[in-house]
Amino acid sequence: MERIETDVLVIGGGSGGLSVAAGAVQMGARVVLLEGHKMGGDCLNYGCVPSKALLAAAAVAHGQGGNAAMGVAPGKNTVSYGKAKDFVASVIGQIAPHDSVARFEGLGVTVIEDYGHFISPTEVQAGERVITARRIVIATGSSPFVPPIPGLSEVPYYTNETIFDLRARPDHLLIIGGGPIGMEMAQAHRRLGSKVTVIEGQQVFAKDDPELAAILVQKLRDEGIEIVEGALAQSVSGTGGDVTVSTSGGEFHGTHLLMAVGRKVNIERLNLEAAGIAFDRSGIKVDAGLRSSNRRVYAIGDVAGGLQFTHVAGYHAGVVIRSMLFGLPAKAKSDHIPWATYTDPELAQVGLTEAQAREKYGARLEVARFDFGGSDRAIATGKTTGLIKVMVVKGRPVGASIVGAGAGELIGIWAMAVANNLKMSAIAAMVLPYPTMGEINKRVAGAYFSPKLFESPFIRRLVGLVQRFIP
């Protein structure tokens, strides 16, 4: 048995683990990285990257439908589902070298391509190696959760880990789950020519502002996607090419089935008990500094519970690096973390929704709104479907919700504002190129100040006095 001693051991080669490994080794720490599956993790291979590439291909296909208002006639529909998947694979291939074993070994990281499990509070075994580390970071991520629906194990189905391997376009794709993964795949497949039915036991986009979610849901329905809410899946039957999902709201028939009901944390292989690490179904229990009950062990990203996004894992990496390498106090927060669903239009959120803010702040809350239809750039590009709401308390934004073109990009300024406790006046003071979609952020800040300026008797009296007495 080979024994290795190191300063930092990272378990998991996804976005969070790779960020820790790269940062730590370049600042002088000895680093060992374990990854038993694919470098880059879920995001590169099965999640963020391939889904956005497929959505991009679908957007091009959708554009072939033309736009009569713009004088553009429909083009010849020559969509190839298989070639769209080739494009997805090529995108992954272009990004993969950045996350590769060769790159990280070039940085000085010792990469071991194997799974690891704890054999003591400070030791992890990976194959025929035992690694002893001063600090250990668990970054094993999450994988698709497949609920025990009766009959499901007897029927072929896909998850986000397998749907990108499908080469033949589904005639009718049934999707169980109305969260971001399910809805992005619904629109992508509909635009690539499939009939799509989304089956959701509760409400689609349940974590987002319902007013904004309703705008997006209507747009998706207008494109021909069948969205069924309040229909809990009770059983699944059939064979490949002929699948039936029986729900509390009736039966639905299709040719293919995608399971997109959520995620489960990857902790099964770790033998956490041997290291004295507390955990439950939601993940490893950590404190504000992302330390587990074993003070030498940190957990970051999906496996730490909480928000399950790639950018959260990257943020967590920075928190633990400050603690591990410099001994500085560092705590992770979540109130400034944005997220986005990359449908068309996009749906994005940071901080509190309107309902959450009203519950927390009551009458102190002010909500500023601006419709995308008031944006000159949106009008010029035909992208007027959208709305932004900013929740403001004592002049400072505590949350923002956006649905519309580029919402994932627009939310960034509000993430910065919430993270840095900026005032609405800072947003209003921006000067932006005209015409851009970015002006929407400035316009909603203007909407916040307009009543205070244009409907204030005091302001009117003050202006009157200045005009009378100041030459």
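**Helix H6**

The buried residues of H6 are Gly182, Met183, Glu184, Met185, Ala186, Gln187, Ala188, His189 and Arg191. Helices here are DSSP runs of H or I with at least four residues, numbered from the N terminus.

The model is predicted, and local features need pLDDT of at least 70, side-chain atom pairs count only at pLDDT 80 or more, and totals for chains, interfaces and linings use all residues. Residues are numbered from 1 along each chain as its sequence is written, and side-chain values use heavy atoms, with hydrogens and water left out.

Glycine 193, which follows H6, has a positive phi near 110°.

**Helices H1 and H8**

The axes of H1 (residues 15–26) and H8 (residues 310–326), which are lines fitted to C-alpha atoms over the stretch in contact, come within 8 Å and cross at roughly 35°, on a scale from 0 to 180 degrees between N-to-C directions. The contact (heavy atoms within 4.5 Å) includes Ser15, Gly16 and Ser19 of H1, and Thr310, Ala313 and Gly314 of H8.

**Glutamate 354**

Glutamate 354 lies in helix H9 (residues 354–361) and is buried, with a relative accessible area of 16%. Leaving aside residues up to four places away in sequence, glutamate 354 touches Asp209, Glu211, Leu365, Val367, Lys389 and Met391.

Technical notes
Buried < 20%, exposed > 50% of the residue type's maximum accessible area, 1.4 Å probe, protein only. Helix = DSSP H or I, 4+ residues; strand = E, 2+ residues; numbered from the N terminus.
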